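Let's take a walk through a protein structure together. Keep the picture open beside you and find each piece as we get to it.

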Amino acid sequence: MRESAPARPDFVREQVAEHDFSVVNKPLTAWDKVYGSGFVRKAFLLAVLAGIWQAYASYLGNSLVLPTFTETLQSFWKLVASGDLPKRALVSMKVLLQGYAIGLVLALVVTVLAMTSRLGNDLLETLTAMLNPLPAIALLPLALIWLGLGNASIVFVLVHAVMWPIALNTHSGFQGVSATMRMVGRNYGLRGLAYVAKILMPAAFPHILAGLKIGWAFAWRTLIAAELVFGTTSGSGGLGWFIYENKNVLDIPAVFAGLFTVILIGLVVENFVFRLIENRTVRRWGMQH
Amino acid sequence: MSAVPAQPLLRVEGVTLQYKTREHLVTATYRVSFDVHPADRFVLLGPSGCGKSTLLKAVGGYLNPVEGTIRLKGVEVVKPGADRMMVFQEFDQLLPWKTVKQNVMFALEASGRLKGKAAEERAMAYIEKVNLTRFADNLPHTLSGGMKQRVAIARGMAMEPDILLMDEPFAALDALTRRKMQDELMQLWEDTRFTVLFVTHSIPEAVRIGNRILLLSPHPGQVKAELGSDGRDEVDPSTGVRLSDRIHRMLFSGQDVEEDAVHHA
């Protein structure tokens, strides 16, 4: 005999009105709260990394090769207290921000051009294909000849380092904007700059943000490398020059303190500046999770 | 029958539309003509591939006919404009970085219709019409599909365009929501008597929503018939069948099946 599902009676139920609900929100456990905090998770990871560093350096026992985490920290505090490190960091920051800002503006100009005409599009594609693979540092000798010793040369290579990745990301973001959203914008009669600023930019914002982050990282790499290779180009050097100087006098904990500063700035910018922008924009809009 | 006014609101005359894919030049419609009059609920109905969405986009001004003309109030349509508001099928037609209210207001402000306070008042009035007042400050990603479409409709209507263009606006909704949205649209029409050009591939939807239904045949789209509908879909004494059955037969008649068979052979 074939098996059949058991017969069951039908039923209809009265609904409970919302104000009569007896279930309340289930509170989170302490562990949920701790684990749910991105800050706590990241702090934990950082502590683990510092622990590994400390353990391996102690095992080596040679601070000329790898100073321990605590030695680096001590050197870092000493240099911060003496005001030397903050001064160097400030010098680097100033140059970096100049290069970053100019690169960003140029990148936007080029991408807007690329979005408004086909020739502009070809120009951007060709230029990024040609220039993006070119290491910024390779342009520094030329920049020194053209612009002389000084900040201008470093800003020039920074602009090169920042501009192409941001332009490339922004452009691919613009191209990824859905056809529907484009039609909506044109339906309102938006054209040219207004169309780019009010529809394309926000719609492509996740990509633009990624470009900004990549550009930021490239800018740091280029800046430190430029300072390391070509030394101080103005009166007082930045962090790269600081690292180079201390390597020459074999003050390795100070070298690490310099690197540590770069890392710290990177962490702060990522977790406060970029995270804040993300929370206020793409996350709030449900475009990124 | 009442006299047809001399000047229709929208006149589509002998429109042939083509678009290019990578390999082919596709003819979407061939010499399609129809007239839409004020307060019409004009439905373009046909199977996929009959060019109805392409036709709607042409009325929207997104592509220009290779032959024939589209005239709105006697003026030829050449580019997109806020006098023809589109409501799309896709949920991503709302700008995700703006709240419900801002989405409706932005349309008014970007097109230069209204500014500031006046735009806000108009926006809220239409948001209330689609029963979303409670959600005016929500961002689109927190809304259900049906609610998103209601916002899109409110946005289109707030612009008070000459004609509202709807491209299968309810096709991505579940059956229950879809039915509800159709009733709501009819209610809105009773209130404001706007003119709408509505694209669908659903015969019941066409019969329920439209007062005029233009039947298109596929590959390429050509006019097959234009029928009136009273929305009730009862048995018509003159033909002896329901309107929906009549349309069904016209769209899927034996002749067509044979033609298709020949086509594929």
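For the complex, the predictor gives an ipTM of 0.80 and a pTM of 0.79. Chain B has a mean pLDDT of 83, and 93% of its residues reach 70 or more. Where pLDDT is low, the predicted coordinates should not be read in detail.

Now for the sheets of chain B. One of them is an open sheet of 4 strands, in the order S2-S1-S4-S5, and its pairing is antiparallel. Which strands stand at the edges? They are strand S2 (25–36) and strand S5 (75–76) of chain B; each has a single partner strand, so one side of each is left without a neighbour in the sheet. Further in, strand S1 (residues 10–20) and strand S4 (residues 67–72) of chain B run antiparallel and are joined by 5 bridges. Helix H1 (residues 52–60) of chain B lies across S1, S2 and S4 of that chain, and runs at about 115° to S1(B).

Chain B has another open sheet, this time with 6 strands in the order S6-S7-S8-S3-S9-S10 and with mixed pairing. Here S6 and S10 of chain B are at the edges, each with a single partner strand, so one side of each has no neighbour in the sheet. From one strand to the next, the twist averages 20°.

S6(B) pairs with strand S7 (residues 163–167) of chain B in the parallel sense, over 4 bridges. Within this pair, Val87(B) stands opposite Met166(B) in S7(B). Are the faces of S6(B) covered or uncovered? Both are covered: Arg84(B) and Met86(B) on one side, and Met85(B) and Val87(B) on the other, are all buried.

Strand S9 (residues 212–217) and strand S10 (residues 222–228) of chain B pair in the antiparallel sense over 6 bridges. You can trace the pairing residue by residue: Ile213(B) stands opposite Leu227(B) in S10(B), and Leu215(B) has Ala225(B) as its bridge partner. S9(B) and S10(B) form a hairpin with 4 residues between them, and His219(B) in the turn has a positive phi of about 55°. There's one more thing to spot here: the peptide bond from His219(B) to Pro220(B) is cis, with omega near -10°. Pro220(B) sits in the loop between S9 and S10 of chain B.

Two other loop residues deserve a stop. Glu168(B) is in the loop between S7 and helix H5 (175–192) of chain B, and its phi is near 40°, a positive value in a residue other than glycine. Arg193(B) is in the loop between H5 and strand S8 (196–200) of chain B; this residue isn't a glycine either, yet its phi is positive, at about 55°. Why does Glu168(B) count as buried? Because it has 20 C-beta neighbours inside 10 Å. Arg193(B), with 10 C-beta neighbours inside 10 Å, counts as exposed.

Next, look inside. In soluble globular proteins, nonpolar side chains tend to be buried together. The largest nonpolar core in this model has 134 residues, and among those with the most contacts inside it are Val157(A), Leu158(A), Ala154(B) and Leu165(B). Helix H7 (residues 151–175) of chain A gives the most to this core, with 14 residues. Take Val157(A) as an example: leaving aside neighbours within four places in sequence, its contacts include Ala136(A), Leu140(A), Thr222(A) and Ala226(A).

Finally, how many residues does each chain bring to the contact between A and B? There are 17 from chain B and 16 from chain A. On the side of chain B that touches chain A, the elements giving two or more residues are strand S6 (84–87) and helix H2 (100–110) of chain B. By class, that side has 11 nonpolar, 4 polar and 2 charged residues.

Conventions. Residues are numbered from 1 along each chain as its sequence is written. Chains are lettered from A and ligands numbered from 1 in the order in which they are written. This is a predicted model: local features need pLDDT of at least 70, side-chain atom pairs count only at pLDDT 80 or more; totals for chains, interfaces and linings use all residues. Two residues are in contact if their C-beta atoms, placed from the backbone, lie within 7 Å. Ala, Val, Leu, Ile, Met, Phe, Trp, Tyr, Cys and Pro count as nonpolar, Asp, Glu, Lys and Arg as charged, and the others, Gly among them, as polar. A nonpolar core is a set of buried Ala, Val, Leu, Ile, Met, Phe, Trp, Tyr and Cys residues joined through C-beta atoms within 7 Å. A residue is buried if 20 or more other C-beta atoms lie within 10 Å of its own, exposed if 12 or fewer, and partly exposed in between; C-beta atoms are placed from the backbone. Two strands pair if DSSP finds at least two bridges between them. Axes are lines fitted to C-alpha atoms, for helices over the stretch in contact, and angles run from 0 to 180 degrees between N-to-C directions. pLDDT is the predictor's confidence in each residue, from 0 to 100.
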